[in-house]
Amino acid sequence: MTQDAQDAVGDYKYGFHDPESATIRFDKGLSEQVVRDISELKEEPEWMTEIRVKAYHHFMEREMPTWGNCDSLAGIDFDNVTYFLRSSDKTEKDWDDVPDDIKRTFDRLGIPEAEQKWLGGVTAQYESEAVYHSIREDLEEQGVLFLDMDSGLKEHPEIIKKYFGTVIPHSDNKFSALNTAVWSGGSFIYVPKGVHVEMPVQAYFRINAKNMGQFERTLIIADEGSSIHYVEGCTAPTYSTDSLHSAVVELIAMEGAKIRYSTVQNWSANVYNLVTKRGVAHKNATVEWVDGNIGSKLTMKYPAVLLKGEGAHAEIISVAYAGEGQHQDAGAKVHHLAPNTTSNILSKSISKNGGRSSYRGMLQVTPKAAGCRSKVVCDALMLDEDSRSDTYPTMEIGNSTADLEHEASVSKVSSDQLFYLMSRGHTEEEAMGMIVNGFFEPFTRELPMEYAVELNRLLELEMEGSIG
Amino acid sequence: MGENMTDVLLRVENLHVSVGDTPIIQGISLEIKRGEIHAIMGRNGAGKSTLANVVMGHPAYEVTSGTIHYKGQNIDDMEVFERARAGMFLSFQYPAAIPGDQVGTFLRKSVASVRGEAPSPRAFRKELNEAMKQLDMDKSFLSRYVNDGFSGGEKKRLEILQMLLLQPDLALLDETDSGLDIDALRIVADGINAVAEDTGCMIITHYQRLLDLVRPNFVHVLIDGKIVQSGGPDLAIKLEKEGYDWVDALV
């Protein structure tokens with residue numbers, strides 16, 4: 001790593017990279033041919049190729065988004081991105097069969113260990129494709145499908161054809177078009193009626209190569225009365241040039257079903273993280289986004305829920321940590337489209353060393369959505385004078401029976417809090433870490449314990465060397 | 001107590017302290033030995049809390065002249081956390097809330113920091129249970145957030161709980177009795193008495209009622225940042241009866 005890059009990112013503990021060992025690497029840049037080549041390489045059905053090509057043309061014509069911190073997007077050089085990189089010829093079911101260098105990476109990230117202890121299934125994606133995948137036998141026996149998206153398309157094309165792009169069409173925005181054109185990897189999950197997947201299933205996304213673009217595509221369908229908790233983690237090495245991560249995640253919760261989707265995003269500070277995440281909740285269904293953004297250079301991500309059926313519920317808890325040179329432009333969108341639907345949004349952000357965090361929210365209540373309730377709470381914590389925090393709430397209320405609450409607060413760490421904690425034997429950095437962890441607690445308590453511990457440790461590391 | 005120098009925990013000599021340009025403490029000298037209880041009394045604004053805070057190292061207070069020695073060492077350059085680890089403890093008049101940090105975790109971390117090593121979970125649980133029982137505190141305290149939404153009395157109990165666990169050599173108790181009803185006062189006083197024998201205590205208070213339960217060896221009256229009168233327990237009783245007017249005449 002160059003000294004400049006090191007200075008830019010500080011002590012990012014996942015910033016190591018392994019030698020690249022691509023078996024197939026496409027030239028940089030995007031064209032219709034690249035899109036067709038990806039599809040052909042994956043031996044996809046023609047309808048998928050057509051979807052990709054259509055999305056590609058839409059991407060080329062589409063303006064940059066206007067929702068979000070759009071000026072910063074000008075820094076992306078789409079011609080300098082590698083759109084597809086295969087690093088292993090197949091997806092393995094046994095870690096011992098995963099190529100050594102890649103397996104080492106995931107060992108260092110603690111994935112095989114976590115799998116043994118507390119997960120119902122794991123997908124590990126390295127660059128463009130999954131290198132490892134497994135699901136517990138008991139889940140498989142109950143008919144739960146958990147595959148990487150490429151295998152999903154091969155083995156269950158009828159389900160994918162039915163749902164792919166129904167929640168987030170390619171024309172949703174420029175980056176959903178890009179993802180639809182060049183998607184690779186991601187997870188495909190189907191939970192049959194009435195099945196409750198008790199242990200979380202996890203996907204881990206790792207970018208290793210320079211100037212890499214990762215475009216995973218995830219589709220989760222929870223059939224009537226079923227439930228699942230999906231956990232996603234991600235890291236990348238630290239390079240002085242930028243990488244692009246642009247995922248699309250579609251969730252479909254049928255009547256009475258519940259999907260929880262938890263993310264701890266910890267990309268290195270050279271990654272543009274531009275993700276479209278949206279779920280549909282049918283009658284009495286629940287969609288929950290638990291979304292943590294610690295890393296990246298720029299994140300623009302606004303997990304959304306369409307409350308389509310009566311009595312549906314959305315829960316969105318997000319935290320963002322913006323350090324030096326980082327902008328976390330995160331938030332939530334909830335669309336109340338049916339009567340008696342409810343939503344809770346809790347957003348917490350921390351800015352430090354000139355970092356910038358924004359909450360950008362959309363709350364829509366359509367005229368036919370009578371008797372809705374929604375509560376939005378945004379709390380920002382500033383650790384110094386140089387940092388910045390903004391709130392951009394948008395509300396479109398078309399029904400006067402809606403019961404809406406919105407609270408926002410910006411606070412600073414007080415010298416009284418620091419003195420109190422230091423008088424109990426804690427250094428200033430430790431005290432700061434305790435205050436920060438406490439501030440994020442409403443988020444961390446929603447995570448599986450192992451993740452919560454890891455996140456707290458991460459935040460404590462971020463506080464080290466931060467007191468000047 | 002012998003006259004051994006190591007028994008002198010705190011020696012304050014001709015201390016002057018300012019906040020910004022405002023002088024608050026204007027020449028205080030005081031010595032506290034292990035096993036002694038010193039009561040500091042005086043009206044609001046006399047500099048009582050400033051004295052406790054400056055000894056603990058609060059960054060807002062500037063020592064303009066004079067010295068503070070702790071266990072024979074000048075502590076001018078010691079950070080707040082170093083003072084805590086060296087055995088000093090301040091029970092706050094207004095303890096800060098730390099939302100999101102659970103009391104149980106906070107106590108365990110603080111004990112580990114001050115002692116320099118984490119106690120075994122089992123030993124710590126036992127210790128904690130005993131201390132909480134002594135202070136008549138419910139276990140549900142442990143899962144609440146530190147001082148967040150606590151009543152005045154709950155905050156003071158948590159302060160004393162910390163004192164019992166941290167086992168300080170020097171305890172500075174800043175209006176620990178305010179906001180307590182008589183039952184709570186008795187419990188808190190028992191807590192102070194439990195550590196007092198092995199500790200040097202500075203008790204800041206307005207009222208005689210705590211001193212009925214925790215017998216001071218010395219009482220000092222502060223006016224305008226100076227000790228104008230020192231005496232035994234009788235001095236506190238006289239103040240309770242006659243107020244401060246007669247002391248004003250001494251200035």
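In which loop of chain A is Asn353(A) found? I'll start there and then walk through the rest of this predicted model.

1. Asn353(A) lies in the loop that joins strand E20 (342–351) to strand E21 (356–365) of chain A. Its backbone deserves a look: Asn353(A) has a positive phi of about 50°, although it is not a glycine. Most residues other than glycine have a negative phi.

2. Gln167(B) is not a glycine, yet its phi is positive, at about 45°. You will find Gln167(B) between helix H5 (152–166) and strand E9 (170–174) of chain B, in the loop that links them. With 16 other C-beta atoms within 10 Å, Gln167(B) is partly exposed.

3. Now for chain B as a whole. Nine helices and 12 strands make up its secondary-structure elements. Its radius of gyration is 18 Å, close to the 18 Å that the globule rule gives for 251 residues, so chain B is as compact as a globular protein of that length. The C-alpha trace of chain B spans about 55 × 40 × 40 Å along its principal axes.

4. A word on the inside of chain B. Of its 251 residues, 42% count as buried. Among contacts in chain B with a separation of 6 or more, 72% are between residues 24 or more positions apart.

5. Next, the contact between the chains. Chain A contributes 19 residues and chain B contributes 21 residues. On the chain A side, helix H10 (415–422) and helix H11 (428–444) are the elements that give two or more residues. H10(A) gives the most, with seven residues. By class, this side of chain A has seven nonpolar, nine polar and three charged residues.

6. H11(A) also packs against helix H12 (residues 449–463) of chain A, at an angle of about 145° and with the axes 9 Å apart. The crossing of H11(A) past H12(A) is right-handed. On the H11(A) side the contact includes Met432(A), Gly433(A), Val436(A) and Phe440(A), and on the H12(A) side it includes Ala452(A), Leu455(A), Leu459(A) and Met463(A). Taken by class, the contact of H11(A) with H12(A) has seven nonpolar, four polar and two charged residues.

Conventions. Residues are numbered from 1 along each chain as its sequence is written. Chains are lettered from A and ligands numbered from 1 in the order in which they are written. This is a predicted model: local features need pLDDT of at least 70, side-chain atom pairs count only at pLDDT 80 or more; totals for chains, interfaces and linings use all residues. Two residues are in contact if their C-beta atoms, placed from the backbone, lie within 7 Å. Helices (H or I, at least four residues) and strands (E, at least two) are DSSP runs, numbered from the N terminus. Ala, Val, Leu, Ile, Met, Phe, Trp, Tyr, Cys and Pro count as nonpolar, Asp, Glu, Lys and Arg as charged, and the others, Gly among them, as polar. The radius of gyration is taken over C-alpha atoms; the globule rule is 2.2 Å times the number of residues to the power 0.38. A residue is buried if 20 or more other C-beta atoms lie within 10 Å of its own, exposed if 12 or fewer, and partly exposed in between; C-beta atoms are placed from the backbone. Axes are lines fitted to C-alpha atoms, for helices over the stretch in contact, and angles run from 0 to 180 degrees between N-to-C directions. A crossing is left-handed if the near helix is turned anticlockwise from the far one by less than a right angle, and right-handed if clockwise.
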